[in-house]
Amino acid sequence: MRRYNILRVITWLPVGGIERRLVALLPRLDRERFNVRLVCLRERGPLADELEAAGIPVDLVPFRTRWDPGALRRLAGLMREHRIDLVHSHMYRANVPATVAARLAGVRPVWAQVHNVGTWETRRQAWMDRRLSCWRSGVIAVSERVRSDVIRTLGLAPERVELIYNGVQIERFAAARAERRRVREREGIAGGEVVFLFAARLVEQKRAQDFLEAFGRLQTKEGGQRLRAWILGEGPLRYKLEAQVATLPTPGAVRFFGRRADVESFMAGADVFVLPSVKEGFSNALVEAMAAGLAIVASDVGGNAEAIRDGVEGLIVPPRAPGLLQEAMRRLAHEEGLRPRLAEAAAARAKDFSLERMRESVEALYLRSLETPALK
């Protein structure tokens, strides 16, 4: 049984959702079938040491631009040196140089992964990816909506765009449920209070401002007696959001916790997870909240409505609609039996998006690509 050399390519390894998935997934790939290494194209980033500690080598081949000729030669040389059998890259800024370097090194198959809708910022970027498609085995999309976007934008045949949903460590978040009482006592949450949780980067895409507006409207109607809001995450909108909180009827009901490594602890103590993004590929945090047994309110973007069905595992609302978001939050705070019913269904549904299933899908794609001549 042959052992294949796999190279994953990414710009760098910051503490982000995509990068966290790599740190969780790559060490789990079958070591008897796959010898995996990763290369960064800008800098290593804070997660590189963590990945290497788990047994995955991380190389740095710095690019000044995506078409840096010296860097392309060095990346191709690294592929030849390590006798790479398959290249798998992530996001446009890595997909382009990885594809070109693989061509120079004579490596096939090549897979480019797209993690969000509208990933191409200009027509020129989309044109470039279309031109490079003939040098790839195909594209990996993280949700059906991303897959449809890739097919439409790049003009690819549907069979050349693979769907592999993101996977999360279901057990880690499911186990955290046992900490609910301790976490709520630690954070001073009284019996009967409802805690809404927002956990994402504080950037325009995630629309924390819509969450706060909906929460403020709900406070006005409720008198703010039973409602609490927790915000996890950091980003450039932090100060603007703090100023917005100061205008709410009960500002003290909102707490900012910054970036936390123990997100599952806060999910254990919360009641409702709110994700009002205007753009998503497939949200890791959404599935983590499902596994943690939270009721969900999410905007109808990206793969959100693929993870949860409206009225079955959660409530789906249009993006940029704080009034409808507030109504969904009100329902989960008050309607008898709705919150536990949706939370239970969400926890069961989360198992479809486990890290183990993702690993199986990735391994199957690799073997199919490497051992099926038509895909090489």
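This report walks through a predicted model of one protein chain.

## Overall build

The chain has 376 residues, and a compact globule of that length would have a radius of gyration near 21 Å. The chain has 22 Å, which agrees. Its C-alpha trace spans about 65 × 40 × 35 Å along the principal axes. The secondary structure comes to 16 helices and 13 strands.

Buried residues make up 57% of the chain. Take the contacts between residues at least 6 apart in sequence: 69% of them join residues at least 24 apart.

## Surface and charge

The chain exposes about 15900 Å². Carbon and sulfur atoms supply 49% of that area. There are 61 positive and 46 negative charges.

## Aromatic pairs

The chain has ten aromatic pairs. One of them joins Trp-230 and Phe-266, with ring centres 5.7 Å apart. Their planes stand at 90 degrees, so this pair is edge-to-face. Trp-230 lies in strand 9 (residues 227-232), and Phe-266 lies in helix 11 (residues 263-269). The pair therefore ties together parts that are 36 residues apart in sequence.

Both partners are buried: Trp-230 has a relative accessible area of 1%, and Phe-266 has 0%. Phe-266 also pairs with Phe-257. Here the ring centres are 4.6 Å apart and the planes meet at 55 degrees, so the pair is tilted. Phe-257 is buried as well. Elsewhere, Phe-196, Phe-198, Phe-211 and Phe-215 form one aromatic cluster.

## Helix 1 and Arg-33

Helix 1 covers residues 17-25. Its buried residues are Glu-19, Arg-21, Leu-22, Val-23, Ala-24 and Leu-25. What covers them? The cover includes strand 1 (4-10), strand 2, helix 2 (48-53) and strand 4 (86-90). It also includes helix 12 (284-291) and helix 16 (355-371).

Arg-33 lies in the loop between helix 1 and strand 2 (34-40). Is Arg-33 buried or exposed? It counts as buried, because its relative accessibility of 14% falls under the 20% cut-off.

Most residues other than glycine have a negative phi, and most peptide bonds are trans.

Arg-108 and Pro-109 are joined by a cis peptide bond, with omega about 5 degrees. Pro-109 lies in the loop between helix 4 (92-105) and strand 5 (110-114).

Arg-83 has a positive phi, near 50 degrees. Arg-83 sits in the loop between helix 3 (69-81) and strand 4. Arg-83 is exposed, because its relative accessible area of 69% is over the 50% cut-off. Arg-207 also has a positive phi, about 60 degrees, although it is not a glycine. The loop that holds Arg-207 runs between strand 8 (194-199) and helix 9 (208-222). At 12% relative accessibility, Arg-207 counts as buried.

Note on methods
Residues are numbered from 1 along each chain as its sequence is written. This is a predicted model: local features need pLDDT of at least 70, side-chain atom pairs count only at pLDDT 80 or more; totals for chains, interfaces and linings use all residues. Side-chain values use heavy atoms; hydrogens and water are left out. Helices (H or I, at least four residues) and strands (E, at least two) are DSSP runs, numbered from the N terminus. The radius of gyration is taken over C-alpha atoms; the globule rule is 2.2 Å times the number of residues to the power 0.38. Buried means under 20% relative accessible area, exposed over 50%, partly exposed in between (1.4 Å probe, protein chains only). Contact means heavy atoms within 4.5 Å. Accessible areas come from the Shrake-Rupley method with a 1.4 Å probe; for residues, only the protein chains shown count as cover. Lys and Arg count as positive and Asp and Glu as negative; His and the chain ends are not counted. The place of a charge is taken as NZ of Lys, CZ of Arg, CG of Asp or CD of Glu. Rings of Phe, Tyr and Trp (its six-membered ring) pair if their centres lie within 6.5 Å; planes under 30 degrees apart count as stacked, over 60 as edge-to-face and the rest as tilted.
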